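Hello,

Here is the structure I said I would pass on. Please open it first, then read my notes below.

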Amino acid sequence: MSNLSPSRRRFLSLTAGASVGFFPKPFARANNTANDHQQPYTTIDWDNCQAIGSVSHAHCRSQTSLDLLVRRGLRHLAISNYYPSAPCTPGERIGQFRVQQDFATVKGEGYVRRDFAWNEILTDPEQGWVEELPESLKDQVPFETGGSCFTQIQTDVTLCPNAEHHSMTDSRGHFNSVGSTFASGTFDVRGKYGLHRHGYAMGTGLPWREAFERIIAALQVPDGGGITINHPKWSGMSPVQIQEHLDFDPRVLGIEIWNQTAEQLNGKGWSLAEWDAVLATGRRCYGFAVSDHAHNSDPGFQGRNVLLVDGTTATADLPAACLRAYRRGDFYCSLDGKLQLRRCQFQDGKLRAEVSQASQLRVITAAGIVHEQAGKEINWTVPAGKAAGQQHVFVRVEADQRDGTDRLFSQAFQLA
């Protein structure tokens, strides 16, 4: 690590130590291990694939925000709005959910689909409560729908169904639903208009298992997309709690290992230790890197997932192919998108990875950093012996750009 800055060396030593400290040795293997699923990158033709920049968690409801994402080379946009948590559509209009929506979790009824006309509900002569509101809020009623959120969506940009679901009755977590049309919550940010006091849940308002079932049932592509566990360190979610959510269904894909907004707010943007702790149990857990809200204020925002799709895929088939890449783990994540993963293969106990620029490369297993070298390529072989699988459990690759700030993470391979 001699070529790294002092701050980066301190970071790596701290996260490596924290990672090992999360789980005891010998490692307890999960019953539903990653070996029950396809390993990442198994079907990728590295010489004939296209790399598509994607967001799995980015809040965006304006043309300015959309342009910031596209300007950085992102083309698959699983925009993750909430208030309400409804998938963004190309024709969405400003304030439309303040006027009405066709879903809500209602006290005494559960999750229902019917028309909710908020102007009429708030001003109803018998059951409305508009007169209870402060004058500043009362003056905004009746709500009106404004112009289009987006005035121009580039032809090579895909808006993927997604939303950030929160406020479950038995979980403090936030979860994205990449590729799902499930919608929850209301427009009432922070409960200012009192909808939650009158029986309408501010967020999902369901037990997390029921919410997950509804998200999964509404997946647009049956074999693509899934649920991500957002900013686990920020949410205070322990590795054990992460495991419980992952074990619910294989379509719960993994966790955010980097969230820039969490880093800016409270220094809890990295969840590498949690990632390695879960991987060390033998579970399949993909890692995601996201900007969250940060791109709206920081043109140099950090966090993206790069989907690897067959180079012969027709344009019309790309939306589904991108969701399948998320499901299969055929993607890597990075901070800036300058470093590219050119190859990452693991076969017969031998790892080979290659990146596009000179970097400081590391091989990570459950035992910590087991190999480092500078350059564009790194190779590592699992030590011989029956104990190696129990000692290392998984293997993944990190790369730090030598002449820049980018950092890249492969998905993890589980040892047989």
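What is the mean pLDDT of the protein, and what share of its residues reach 70 or more? The mean is 91, and 91% of the residues reach that level. Keep in mind that this is a predicted model.

One stretch needs care. Over residues 1-35, pLDDT stays under 50. The model still has 65 contacts beyond four places in sequence for residues 1-35. Where pLDDT is low, the predicted coordinates should not be read in detail.

Now the aromatic rings. The structure holds 23 aromatic pairs. One of them joins W270 and F409. That pair is tilted, with 5.7 Å centre to centre and 55 degrees between the planes. W270 lies in the loop between α9 (260-266) and α10 (272-279), while F409 belongs to strand β19 (residues 407-409), so the pair ties together parts that are 139 residues apart in sequence. W270 and F409 are both buried.

The charged end of R407 sits over the W270 ring, 5.0 Å from its centre. Elsewhere, R72 lies over the face of F301, and the distance to the ring centre is 4.6 Å.

There is also a ring cluster. Ring pairs link F116, W118, F143, F187, Y193 and Y200.

Last, a helix. How many residues of α10 are buried? Eight of its eight are, and α10 is mostly covered.

Best wishes

Note on methods:
Residues numbered from 1 in each chain as written. Predicted model: local features only at pLDDT ≥ 70, side-chain atom pairs only at ≥ 80, totals over all residues. Heavy atoms only, no water. Phe/Tyr/Trp six-rings, centres within 6.5 Å; stacked < 30°, edge-to-face > 60°. Helix = DSSP H or I, 4+ residues; strand = E, 2+ residues; numbered from the N terminus. Buried < 20%, exposed > 50% of the residue type's maximum accessible area, 1.4 Å probe, protein only. Lys NZ or Arg CZ within 6 Å of the ring centre and 35° of its normal. pLDDT = per-residue confidence, 0-100. Contact = heavy atoms within 4.5 Å.
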